[in-house]
Amino acid sequence: MKLFDVYPINHINIVKGQGCLVWDNLGQEYLDLYGGHAVISIGHTHPHYVARLTEQLNKIGFYSNSVEVPLQVQLAEKLGKISGREDYQLFLCNSGAEANENALKLASFANGRKKIVAFTKAFHGRTSLAVAATDNPKIVAPVNENPNIIRLPFNDSNALKAVFDDEGEEICAVIIEGIQGVGGIQVASAEFLQAIRNLCNQHGSYFIADAVQCGYGRSGKFYSQDYAAVDADIYSMAKGMGNGFPIGAISISPNLKPWHGMLGTTFGGNHLACAAALAVLDVMEQENLMANAGKVGDYLITELKKFDKVLEVRGRGLMIGIDLPPELSHVRKELLEKHHIFTGTASPNVIRLLPPLNLTQAYADRFLEAFAKEV
């Protein structure tokens, strides 16, 4: 059997990681400024993370949600405290797409409506309803096409208000990334997020904050939507939550009431996943990683804006997009092949930086020196 060939890959075999560095099977060192799509939040093979996972695996790795799992309660309490949402409720699942799928389903259960407002360049996942809300027709199969999705321009409060004026009593929810990732690191304005909150309040709709990539401290705040000083009804999260161990979740306002069987998952909230997530929160708290993300991110953004050939630098914290002109479309490849630095991309010529939240200024400077040689 061969692998199903859906991933364009770099022919590099990574066999070891430590902090912000990884090594291939030939011993070549790389600076990891992408973290496997923003997944590595506390650095590769953090000692506390490895110890906590190993300790848990030596006890029990999995049993189902039909029994008590005290680690789930511990995770909910710690996540509520660190995120500032102690009165919210936690549902654990396995991925960002699954988190968004459950968020949308939960909202529809709660108000009995079908229409979902989503935005241009949005990416919410590849499962049925999540991919329908995603703005990429290429990955929406015919079976996923959904007439209930209303697609609006990102950061356009007037268009949003017009739709609510016309169809507000039919709108189930609005789903938005506080900072779009795949969409090119587009930052939702505070005014736009506040408009969503106000219109949802007025019309009985739900505000779903997709924090899968832009959450978990990456922006310098726990959820990037926090910069707007609003509370969403549901927050979805995944990538940085387990530092590489598959886990996702939704944090749910106390206004939404559960009933037995409403949502469900086989693997979600298993012992090993909860141990991984707890280890991540431990390290984030002990090493003050949200503040570090804000500080080092601000430094990188300030320095990158000094490059004349860079069209625009967008983002917050350690979620940064560098918009380059077409003649510099080769830069990302050169960074990897010549300077051994992993970065991400977004169409057409945006370099995405999504490093571990413990990135140091010294590593930031290492990137800036390499970048300067290519632009």
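Me: Is the crossing of H9 and H11 left-handed or right-handed?
Reply: The crossing of H9 and H11 is right-handed, meaning that the near helix is turned clockwise from the far one by less than a right angle. This is a predicted model, where local features need pLDDT of at least 70, side-chain atom pairs count only at pLDDT 80 or more, and totals for chains, interfaces and linings use all residues. Residues are numbered from 1 along each chain as its sequence is written, and side-chain values use heavy atoms, without hydrogens and water.

Me: At what angle do the axes of H9 and H11 cross?
Reply: Roughly 20°, and the axes come within 10 Å. Axes are lines fitted to C-alpha atoms, for helices over the stretch in contact, with angles from 0 to 180 degrees between N-to-C directions. H9 and H11 are therefore roughly parallel, a label for angles under 35 degrees. Helices here are DSSP runs of H or I with at least four residues, strands are E runs of at least two, and both are numbered from the N terminus.

Me: Which residues in H9 meet H11?
Reply: Val296, Tyr299, Leu300, Glu303 and Leu304 do, and their partners in H11 include Phe367 and Phe371. Contact means heavy atoms within 4.5 Å.

Me: New topic! What is the strand order in the open sheet of four strands?
Reply: E13-E14-E17-E16, with antiparallel pairing; two strands pair if DSSP finds at least two bridges between them. The edge strands are E13 and E16.

Me: And where does H9 lie?
Reply: H9 lies across E13, E14 and E17, at about 10° to E14.

Me: What does Gly315 touch?
Reply: Gly315, in strand E13, touches Ile185, Val187 and Ile301, leaving out residues up to four places away in sequence.

Conventions. Angles under 35 degrees count as roughly parallel, over 145 as roughly antiparallel, 65 to 115 as roughly perpendicular and the rest as oblique.
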